[in-house]
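Open the model in your viewer and keep the selection tool handy. This tour goes from the whole chain down to single residues.

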Amino acid sequence: MSDQNRLSVFKTYKLYVGGKFPRSESGRVYEVQDHKGKWLANAPLSSRKDARDAVVAARKAFGGWSGATAYNRGQILYRVAEMLEGRKSQFVREVAHAEGLSKAKAAEVVEAAVDRWVWYAGWTDKIGQVVGGANPVAGPFFNLSTPEPTGVVTVVAPQESSFLGLVSVIAPVIATGNTAVVIASEKAPLPALSLGEVLATSDLPGGVVNILSGKAAEMGPHLAAHQDVNAIDLTGADADLARELEIAAADNLKRVLRRRTEDFTGSPGTDRMTAFLETKTVWHPTGSLGASGSAY
Amino acid sequence: MPTTASAASAFADVTTSESALRRFLHGLPGVDAVGLEARAASLGTRSIKTTAKAYAIDLAISMIDLTTLEGADTPGKVRALAAKAVHPDPTDRTTPTTAAVCVYPDMVATAKAALAGSGVKVASVATAFPAGRAALPVKLADTRDAIAAGADEIDMVIDRGAFLAGRYLEVFEQISAVKAECGDRARLKVIFETGELSTYDNIRRASWLGMMAGADFIKTSTGKVAVNATPANTLLMLEAVRDFRAQTGVQIGVKPAGGIRNTKDAVKFLVLVNETVGEDWLDNHWFRFGASSLLNDLLMQRQKLATGRYSGPDYVTVD
């Protein structure tokens, strides 16, 4: 068949929840445009019920993911990088459209995002040594502090940096064993929704990352008040919304990573990981102190 | 309206012999399986919101037979369950109590003591639950023990082997004998294990057989097999109790059990009840849910309605 006769096949962008690709429960969609205002695709306009379902999926996945060995989590995050590398051209195109970048600039962004996965893949089994440790105590005990994941984390992804920013907020959350419910950039959700396809083929258990597109102002308050969400990252919320969400999040003492502007091209550091860790300290008795002051 | 009187006399002629009983049961109209499932599915699409939903949630909580039927049941677990039945949500004392706690016969005394003065009933499974594979004297002894220990309700299983082999009179006589053992002391629920009866026609026959033999309640399942309560088989049983009351004036209760895990499902069943048999059955004297995990979901939804915030499993008991 000649090219002129072929009908192009458009992709239906769908949510990524619990390892599956559902449409919004509400059946709603909204138009996504490129930086020049040209129509790109329709994206699902998620409702609070989609958000609720995503929290259920994330909670269900938490036990398995937080219980997996740090080494295994690292391998899976590295696998995400491998899968992303293989689909680079698609993401370069989507990022170029979404952010109005040239092909070369968009390629740099996608490569940085791949590298970001690798960076966090390396951290999974090292963060414990950095923020945990053995504490010297004045008694016959081994005293060990270890970082533990907080639980289900809601992430309001950055509005402008639709892909590198997105990866930079998701990867640190899941690297340490949390599970995430992500509200993608409202204006440019397509790279995020495509990232769901990459995650689904990377051995990442379903429900560890759940990606919703739509209005942060619509879903955010419900997620911030949700009693089964343990933490919230407000990076992509505007000032008014961030204030509202912080108030709602106070009710069950969620951990809050406050809204801030960030240059995602720089070195990520570890503070996004430590924001969603809790320290567990265990005292192991070693027996009574001998005359020398030590039992061992 | 007569409520608990046995309907045995109305059917004295059909229960005299095996052949007469078979003729009667096989003479019941056949079930339109496609129509039944379509009806159940279409009633499941009703949208129940706001105040109606709050009413449905409280009604459903008050209809639950909070059940623990595990080999690993301990007195401690039964006491914990009893405490939950009395105060399902300790943070909100306006929550209704459940209808009953359902346990094995040896746990009845423990449950009875834990529930004393609360108005929550104790139901006990009996008659060699869940298989029902024991001789009649054993089944009667099982029932007697449970009642002696203080059970207010007896959940018996029918002998599915005899039923499927066509020995209807044997099943009838067993139910009658257990009913006689219960007398006025306990209400009798008859479990058909609909998942093992293969066809809707069989479920309709079993329903009539149980009602004629003196059941106070007909119950879908034990919760121990793959297929438990479904909207379709519950609808069929509701139609049976409706027709039975029209014919005899005797009202019989219905209890779907097993597989009802969330509020949405429970509300669907309540819609079935209201649309099929009407408000007379919208009461925990006439309709029950056999469930355990359902209660937690109902409580989480109740908290959501009360506070506007989604609740989570951290705010209900683990049981």
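Select chain B. Remember that this is a predicted model. Among contacts in chain B between residues at least 6 apart in sequence, 74% link residues at least 24 apart.

Color chain B by secondary structure. The chain holds 12 helices and eight strands. Its radius of gyration is 19 Å, close to the 20 Å that the globule rule gives for 319 residues, so chain B is as compact as a globular protein of that length. Of the 319 residues in chain B, 50% are buried.

Now go to the backbone. Most residues other than glycine have a negative phi, and most peptide bonds are trans. The next stops depart from that.

Select the loop between β3 (121-126) and α6 (136-148) of chain B, where B:Pro130 lies. The peptide bond from B:Phe129 to B:Pro130 is cis, with omega near 0°.

Stay in the loop between β3 and α6 and pick B:Ala128. Its phi is positive, near 55°, and the residue is not a glycine. Is B:Ala128 buried, exposed or partly exposed? It has 16 C-beta neighbours inside 10 Å, so B:Ala128 counts as partly exposed.

Move on to the loop between β5 (187-191) and α9 (200-212) of chain B, and select B:Glu193 there. This residue also is not a glycine, yet B:Glu193 has a positive phi of about 55°. Is B:Glu193 buried or exposed? Count 25 C-beta neighbours inside 10 Å. The cut-off for buried is 20 or more, so B:Glu193 counts as buried.

Notes. Residues are numbered from 1 along each chain as its sequence is written. Chains are lettered from A and ligands numbered from 1 in the order in which they are written. This is a predicted model: local features need pLDDT of at least 70, side-chain atom pairs count only at pLDDT 80 or more; totals for chains, interfaces and linings use all residues. Helices (H or I, at least four residues) and strands (E, at least two) are DSSP runs, numbered from the N terminus. The radius of gyration is taken over C-alpha atoms; the globule rule is 2.2 Å times the number of residues to the power 0.38. A residue is buried if 20 or more other C-beta atoms lie within 10 Å of its own, exposed if 12 or fewer, and partly exposed in between; C-beta atoms are placed from the backbone. Two residues are in contact if their C-beta atoms, placed from the backbone, lie within 7 Å.
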